[in-house]
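Hi there,

Here is the model I promised to pass on to you. Have a look at it first, and then read my notes below.

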Amino acid sequence: MTVLDRRSNRLGVWGWLGGGRWGMERYAYILHRITGLAILLYLLLHIVVTSFRVEGIYLWTGNGFLHSPVFEMGEYLVFAAFAYHACNGLRLVLVELGVAVGKPTEPVFPYKTSLNVQRPLLIGMMFLALILVAMGAYAELIG
Ligand code: HEM
């Protein structure tokens, strides 16, 4: 058996999707990547769509192609993706700066994990994201 064989990804897609021993941080990371790419795609499409204005075509008003409940729902999903990405992104920035990760200790066996120390920040930020998503839904419904 070669080194490459031994390192092969036996978990398949689950290896990419599953939190495994990393727990909820792993899911937070996957969602961060998906939402980051989604809002990036939105930004590019937004530039294309609004650029039609140069030709006097307003796709998002009146009987424009994008002036429909489906695309309004899509707009809300972009907001929800952004709310999550921003909250989790701020958490990542704080963790990177050493906030809420606890004090560093000597790496003595059995090693301690800092995951439990920084998890309250993750839960707090997810709660904040949830509040923003709910507020967005409320604004969408009454708007
Ligand atoms: C409040 C606003 C935002 C914050 C705080 C934020 C924060 C972050 C952070 C900290 C990362 C690095 C994650 C890591 O290294 O693990 C990241 C990645 C990324 N962000 Fe943002 N971001 C914001 C807005 C945006 C916007 C508006 C876009 C798109 C237009 C975007 C697209 C991305 C993408 C594509 C990645 C790479 C994801 C990956 O490699 O998994 N972000 N963001």
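A word on terms to begin with: helices (H or I, at least four residues) and strands (E, at least two) are DSSP runs, numbered from the N terminus. By that definition, leucine 37 is found in helix α3, while histidine 85 belongs to helix α4.

Some ground rules come with the file. This is a predicted model, in which local features need pLDDT of at least 70 and side-chain atom pairs count only at pLDDT 80 or more, whereas totals for chains, interfaces and linings use all residues. Residues are numbered from 1 along each chain as its sequence is written, and side-chain values use heavy atoms, with hydrogens and water left out.

Now the overall picture. The protein chain has five helices and zero strands, giving the pattern α-α-α-α-α along the sequence. Of its 143 residues, 20% are buried (under 20% relative accessible area; exposed is over 50%, partly exposed in between; 1.4 Å probe, protein chains only). Among contacts (heavy atoms within 4.5 Å) with a separation of 6 or more, 63% join residues 24 or more positions apart. The chain exposes about 11,200 Å² (Shrake-Rupley method, 1.4 Å probe), and carbon and sulfur atoms supply 71% of that area.

Counting residues with a heavy atom within 4 Å of the ligand, the shell is His32, Arg33, Gly36, Leu37, Ile39, Leu40, Phe82, His85, Ala86, Gly89, Leu90 and Leu92. These divide into seven nonpolar, four polar and one charged (Ala, Val, Leu, Ile, Met, Phe, Trp, Tyr, Cys and Pro count as nonpolar, Asp, Glu, Lys and Arg as charged, and the others, Gly among them, as polar).

A polar side-chain atom of arginine 33 is 2.6 Å from a ligand oxygen. Ligand nitrogen atoms lie 2.9 Å from a polar side-chain atom of histidine 85 and 3.3 Å from an N or O atom in the side chain of histidine 32. The elements giving two or more residues to the shell are α3 (24–51) and α4 (69–96).

Back to leucine 37: its relative accessible area is 54%, so it counts as exposed. Its C-alpha atom is 9.8 Å from that of alanine 81, 44 residues apart along the chain.

Best wishes

Technical notes
Polar contact = N/O pair within 3.5 Å; in protein donor to acceptor, adjacent residues only side chain to side chain.
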